[in-house]
Amino acid sequence: MEVQIMCTKLIKPSAPTPPHLRTLKLSPVDQIQYSIKPTALFYYSADGSAEAEEVERRVNLLETSLSETLTRFYPLAGRYIEDGNWVDCTDEGVEFTAAKVKGRLGEVLSRRDEMIDELVHLAGGESTSAATLIQVNMFECGGLVIGIRICHHLFDGFSAASFITSWASTAISRQLGLINDLHQEIISPTFDLTSILPPNDLPEMKPRPPLMGTDNGVTKRIVFDGAKISALRAISHDPSFPRKPSRVEMVTALVWRARMRVSLAKHGRLRTSLAALTMDLRLRIVPPLPPSSCGNLVSMATARFVAAESGDGNTEVPVPEVPEMKILVGLLIDSMTKSKETVVTREDAFPTLLRTRNELYEAVEKGEVDVFMFTSWCNFPAYKIDFGWGKPVWMSRIHSGFEAATFLDTEGGDGIEAWLSFNKQEMPLLLQDKDILAFTSQEAP
């Protein structure tokens, strides 16, 4: 993919941040995040009217509406100060890059799996000091790809979704001449988690597992369409379950089971394993938080499968097979249900989040248990992010150095794209797993 950078500039908030808001102290949970900038890419096809002048107008609209949005999301225009664990909110600006891409957007969309390693060129550079990077990529056909990177110390995925949705709403409202009404209707986000949630009695944090380097890790994409999800439900549900499993729980169980087979081939025995799925803690906190509380408030729902003992070391025993899908789905339903029903007080919010991380980090550190991480971006309104020229035809990630499976909605909303970031040596075995071959859509674009 040939990408030519046309210009890079800093987009500042349209109104200066007040002096009393220019120092943002990060919460204990913000501080322990990896120093990475997770990425989302939104793909917009040419609509037949995207001549050069129209494309330029759209880029200008993105700049103007971004500047207006940053008055509400002002930390994103700041700089993360690692030594002091705070954000300098003096409006240095979001790094905004305009780029031209040789070729047509359809060429990328028709070769999605082949292009994964190339998508990073549409996302902007990660090493810059800016907390937020945005790259607008203009294809020869008039198609656009908007790449957004946000420092993980500032925002989790739920906060990032709030920002992106607000930016798109501002852009489309400006086109319709409704910008004044928009500002009256939008609830401004808040950035005061450290004052709302007192950091009392915090546990000492265990060391974080290292990220995979690009030499060791690889990212692949597999797709479960609506028909495959329906077929998966037939082997996943049991009448004894308190409710029907969600599509995320079923796909999590399938990938978990496939990872178990890889581990079995590697170790020669079935090991105890944990499946940890991220979930938003905001809805479980009492008293409720203000609307649009931004920061990192992601907890973990952890399901544990305990492998049977393999003998005393002197007796040969058969290597056990991986558990049935229903067993893993049942474990996930129990874990997710308990997590959602557990109420957390404001005083215990940060200790709860840190304890769940510690349990996972300790399991990884000991190496006696397999820990499999899962993140779901499903139900984020990705395919409704309309800046004024239509909804996206695709949303994607890029390669991640964090070993995990990340789930995204398919365009139709009834399927799941699973982005798998794992060890290079183990990935081929995972992709050839019989369940993955049986239930993924081989004809998906």
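Ser273, Ala275, Leu277 and Met279 point one way from strand S10, while Leu274, Ala276, Thr278 and Asp280 point the other way. Every one of these residues is buried. The model is predicted.

- S10 covers residues 273-280 and is mostly covered, with eight of its eight residues buried.
- In a regular strand, side chains alternate between the two faces of the sheet.
- S10 pairs with strand S12 (residues 298-305) in the antiparallel sense, over eight bridges.
- In that pairing, Leu277 stands opposite Ala301 of S12.
- S10 also pairs with strand S14 (residues 370-376); these two run parallel and are joined by five bridges.
- Here Leu274 has Val371 in S14 as its bridge partner.
- Is S12 enclosed or open? Six of its eight residues are buried, so S12 is largely enclosed by the rest of the structure.

**The six-stranded sheet**

- An open sheet is built from six strands, in the order S1-S6-S7-S8-S3-S15.
- The pairing in this sheet is mixed.
- Strand S1 (3-11) and S15 are the edge strands, and each pairs on one side only.
- From one strand to the next, the twist averages 15 degrees.
- S1 and S6 are antiparallel partners, linked by eight bridges.
- Within this pair, Lys9 has Phe96 of S6 as its bridge partner.
- Helix H2 packs on the sheet and touches S1, S6, S7 and S8.
- The direction of H2 makes about 165 degrees with that of S6.
- Helix H4 lies across S3, S7 and S8, and runs at about 140 degrees to S8.

**The nonpolar cores**

- In soluble globular proteins, nonpolar side chains tend to be buried together.
- The largest nonpolar core here has 67 residues.
- Which of its members touch the most others? They are Phe42, Tyr43, Leu119, Phe163 and Phe387.
- Several elements give two or more residues to this core, including strand S3 (39-44), helix H2 (52-70), strand S6 (94-101) and helix H3 (105-109).
- Strand S7 (132-139), strand S8 (144-150), helix H4 (157-175) and strand S15 (394-396) are also among them.
- H4 supplies the largest share, seven residues.
- Leu119 touches Leu41, Tyr43, Val108, Trp394, Ser396, Arg397, Ile398 and Trp419, leaving aside residues up to four places away in sequence.
- Another core lies apart from this one and has 45 residues, among them Leu232, Trp256, Val322 and Ile436.

**A helix pair: H7 and H8**

- Helix H7 (residues 226-236) packs against helix H8 (residues 247-267) at an angle of about 75 degrees.
- Their axes are 10 Å apart.
- Are the two helices roughly parallel or roughly perpendicular? Angles of 65 to 115 degrees count as roughly perpendicular, and H7 and H8 are therefore roughly perpendicular to each other.
- On the H7 side, the contact uses Ile229, Leu232, Arg233 and Ser236.
- On the H8 side, Arg247, Met250, Val251 and Leu254 meet them.
- The residues of this contact divide into five nonpolar, one polar and two charged.

**Backbone details**

- Most residues other than glycine have a negative phi, and most peptide bonds are trans.
- Val286 and Pro287 are joined by a cis peptide bond, with omega about -10 degrees.
- Pro287 sits in the loop between strand S11 (285-286) and S12.
- Asp91 is not a glycine, yet its phi is positive, at about 60 degrees.
- The loop between strand S5 (86-88) and S6 holds Asp91.
- Is Asp91 buried or exposed? Buried means under 20% relative accessible area, so Asp91 counts as buried at 9% relative accessibility.
- Asn379 is another residue other than glycine with a positive phi, near 75 degrees.
- Asn379 belongs to the loop between S14 and S15.
- With a relative accessible area of 66%, Asn379 is exposed.

Key:
Residues numbered from 1 in each chain as written. Predicted model: local features only at pLDDT ≥ 70, side-chain atom pairs only at ≥ 80, totals over all residues. Heavy atoms only, no water. Core = buried A, V, L, I, M, F, W, Y, C linked by side-chain atoms within 4.5 Å. Buried < 20%, exposed > 50% of the residue type's maximum accessible area, 1.4 Å probe, protein only. Helix = DSSP H or I, 4+ residues; strand = E, 2+ residues; numbered from the N terminus. Contact = heavy atoms within 4.5 Å. Axes fitted to C-alpha atoms, helices over the stretch in contact; angles between N-to-C directions. Parallel < 35°, antiparallel > 145°, perpendicular 65-115°, else oblique. Nonpolar A, V, L, I, M, F, W, Y, C, P; charged D, E, K, R; others polar. Pairing = 2+ DSSP bridges.
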